[in-house]
Amino acid sequence: MEGSLFDTCVASYLLDPERRDHSLGYLIEGEYGFSLPELKSQTKAAKKEDAGLFGEETVPPACSRAEGVLKVQESLEGRLREDGLLDLYNRVEAPLIAVLADMEEAGVRIDVDFFLRMSENLSTALNKIEKKIYDLAGEQFNIRSNKQLAGILFDKLGLPYGRKTKTGYSTSQDLLENLSSEHELPRWVLDYRELFKLKSTYVDALPHLVSDKTGKIHTNFNQTVVATGRLSSSQPNLQNIPMRTELGREVRKGFIADKGYALLSLDYSQVELRILAHLTGEEKLRDAYVRGEDIHRATAALIFGVEPEAVTGEMRNAAKMVNYGLLYGMSAYGLSRRLGISREEAMEFVQGYSASLPKVKKWKDSNLDSVREEGYTTTLMGRRRYIRDIRATDRSRREFAERAAINSPIQGSAADMIKLAMVNIHKELAGMNSRAKMTIQIHDELLLQVPEEEIEKICSMAKEKMVTALELDVPIEVDAGWGPTWYDAHH
DNA sequence: CACTAGTGCAA
DNA sequence: TATTGCACTAGTG
């Protein structure tokens with residue numbers, strides 16, 4: 001049932017890029033008269049009832065959808081061919097539909113008791129922090145309300161306020177960090193927020209999403225949402241499970257393998273930077289990767305004009321920011337903010353970078369020219385993203401469009417690569433008659449549940465498929481790890 | 001209940 | 001004034 005719907009959605013997504021952000025909603029709206037919010041609430045309700053995409057009452061017959069697909073097939077195929085998207089559709093997007101369906105159906109097991117224990121621990125800790133905050137504030141208030149919090153911090157305690165938002169003073173993390181040198185309270189609020197976030201979004205929410213039928217969590221992998229070609233995940237979003245802080249990372253201990261199985265994680269190493277090296281044809285970047293060098297160290301050596309051995313931690317960090325900033329089309333001003341340096345210094349870094357890696361700047365310029373000319377960006381497999389605002393007269397709109405135009409071919413090519421790898425791995429697993437299953441994709445990582453005795457075999461097979469999905473001028477590397485939980489699968 | 005704003009999690 | 005998402009809570013009408 002979902003297959004035919006998704007078939008049409010994928011086609012409409014490839015063919016109608018102006019509407020791709022809403023292609024599912026557009027389709028449903030057009031064909032069945034649902035508004036977007038209605039669609040959202042219906043899919044949510046249906047998910048809760050475990051009754052399919054829509055509630056029973058509102059399900060349009062599967063055959064009418066199939067008929068609809070058939071009616072538009074010919075004209076859509078013609079347009080795919082015209083735009084050179086047939087290969088992408090036939091080799092990647094169409095076969096991926098079944099792969100995603102299998103992943104959603106396979107689901108992932110969570111340790112409900114683990115989350116219940118963690119929830120209690122968080123409650124205890126939150127209560128203590130709450131008391132401390134009320135004590136410091138001299139009154140009780142809702143710590144989660146930015147309005148009330150701003151009242152305490154800026155009106156009552158008289159702390160220096162930063163930027164204002166549409167509705168009042170900002171209480172953002174960034175700002176509270178700076179304020180923590182002035183007063184004890186901001187630090188406690190930050191701690192409170194971290195714990196509350198973990199508890200409400202992950203620890204308490206996930207156990208409620210376990211299916212009665214399978215005892216597992218079944219996310220939705222949305223194929224027609226992200227403008228660059230990535231997947232998104234919803235209900236729940238399994239692509240934003242905490243990783244950075246130690247406490248947050250604990251959540252991953254709650255994602256477990258079935259008995260007799262292990263979770264195998266495979267992730268592309270710096271795939272977007274490698275794609276940048278490939279797209280730009282910059283030999284210095286390519287050679288660094290060919291030689292297996294530390295790319296940030298190598299970049300630092302070039303920017304600062306020193307030997308790689310002489311690069312300090314600080315220099316490497318600055319180079320890392322420049323490298324990643326590049327992927328997002330960051331300005332010298334943005335870089336200066338991130339590194340806490342002056343704009344002049346940041347400008348020097350950028351100039352140093354352009355001087356030693358001239359082809360990166362050349363690529364950016366020619367890419368922007370082509371977007372202005374054609375109106376869209378292109379990935380390695382020809383996937384398009386239309387960028388209307390590239391000619392906007394409003395400067396901030398235009399600059400936003402320019403950043404998207406720089407980022408899209410890179411992010412989108414990485415999406416092409418992992419999607420193709422997923423299709424190939426899925427095919428191979430079927431051929432091997434393996435019990436291993438792909439369960440989650442997180443943009444540059446694949447999580448598989450694998451029978452313990454097959455781990456090494458599956459690991460090397462999947463790694464090979466990921467590394468060879470697209471042939472680039474730059475070597476592609478994949479890191480792998482496995483264990484009884486998602487936490488353990490990362491080394 | 002529908003909706004927006006602010007915030008924060010991931011790659 | 002760094003890209004792409006999803007979701008939680010508060011607050012408005």
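Predicted model: local features only at pLDDT ≥ 70, side-chain atom pairs only at ≥ 80, totals over all residues.
**DNA strand B**

DNA strand B is surrounded by 23 residues. The closest are Lys166, Thr171, Met243, Arg244 and Asp444. By class, this surface has six nonpolar, ten polar and seven charged residues. Helix H9 (residues 185–203) gives the largest share, three residues. Arg230 reaches a base: an N or O atom of the Arg230 side chain is 3.0 Å from a base nitrogen of DNA strand B. Met243 uses its backbone, with a polar backbone atom 2.6 Å from a phosphate oxygen of DNA strand B.

**DNA strand C**

DNA strand C is surrounded by 33 residues. Ser145, Gln235, Tyr328, Arg338 and Arg403 are the closest. Sugar and phosphate make up 68% of the atoms of DNA strand C within 4 Å of the protein. Eleven nonpolar, 16 polar and six charged residues form this surface. Helix H18 (395–432) is among the elements that supply at least two residues each. H18 gives the most, with five residues. Other elements that supply at least two include helix H7 (146–156), strand E5 (232–234) and helix H14 (313–327).

| Residue | DNA atom | Distance |
|---|---|---|
| Asn146 | sugar or linking oxygen, DNA strand B | 3.4 Å |
| Arg230 | base nitrogen, DNA strand B | 3.0 Å |
| Asn142 | phosphate oxygen, DNA strand C | 2.8 Å |
| Arg144 | phosphate oxygen, DNA strand C | 3.1 Å |
| Ser232 | phosphate oxygen, DNA strand C | 2.9 Å |

**Ser233 in strand E5**

Ser233 lies in strand E5. Ser233 counts as buried because its relative accessibility is 6%, under the 20% cut-off. Its side chain makes a polar contact with the side chain of Thr219 at 2.9 Å. The Ser233 side chain also reaches the backbone nitrogen of Leu238 at 2.8 Å. Beyond its neighbours within four places in sequence, Ser233 is in contact with residues including Asn220, Phe221, Asn222 and Gln239.

**The nonpolar core**

The largest nonpolar core has 123 residues. Phe255, Tyr268 and Leu448 touch the most other members. H18 provides the largest share of this core, 14 residues. Leaving aside neighbours within four places in sequence, Tyr268 is in contact with Met417, Ile418 and Ala421, among others. Asp444 is also one of the Tyr268 contacts, and Asp444 is among the residues closest to DNA strand B.

**Salt bridges**

The structure holds 26 salt bridges. One joins the side chains of Asp83 and Arg384, at 3.6 Å from N to O. This pair links distant parts of the chain, 301 residues apart. Asp83 sits in the loop between helix H4 (62–82) and helix H5 (86–106), and Arg384 in strand E9 (residues 384–386). Asp83 is partly exposed at 23% relative accessible area, whereas Arg384 counts as buried at 16%.

Lys199 forms a salt bridge with Asp204, with the closest N and O atoms 2.8 Å apart. Lys199 is buried at 17%, and Asp204 is partly exposed at 26%.

Lys361 and Asp365 meet in a salt bridge at 3.0 Å, N to O. They are separated by about one helical turn because they are four residues apart in helix H17 (residues 358–374). Lys361 is partly exposed at 44%, as is Asp365 at 35%.

Glu93, Arg383, Asp416 and Lys419 are linked in a network of salt bridges.

Key
Residues numbered from 1 in each chain as written. Chains lettered and ligands numbered in written order. Heavy atoms only, no water. Near = heavy atom within 4 Å. Polar contact = N/O pair within 3.5 Å; in protein donor to acceptor, adjacent residues only side chain to side chain. Nonpolar A, V, L, I, M, F, W, Y, C, P; charged D, E, K, R; others polar. Core = buried A, V, L, I, M, F, W, Y, C linked by side-chain atoms within 4.5 Å. Buried < 20%, exposed > 50% of the residue type's maximum accessible area, 1.4 Å probe, protein only. Contact = heavy atoms within 4.5 Å. Salt bridge = Lys/Arg side-chain N within 4 Å of Asp/Glu carboxyl O.
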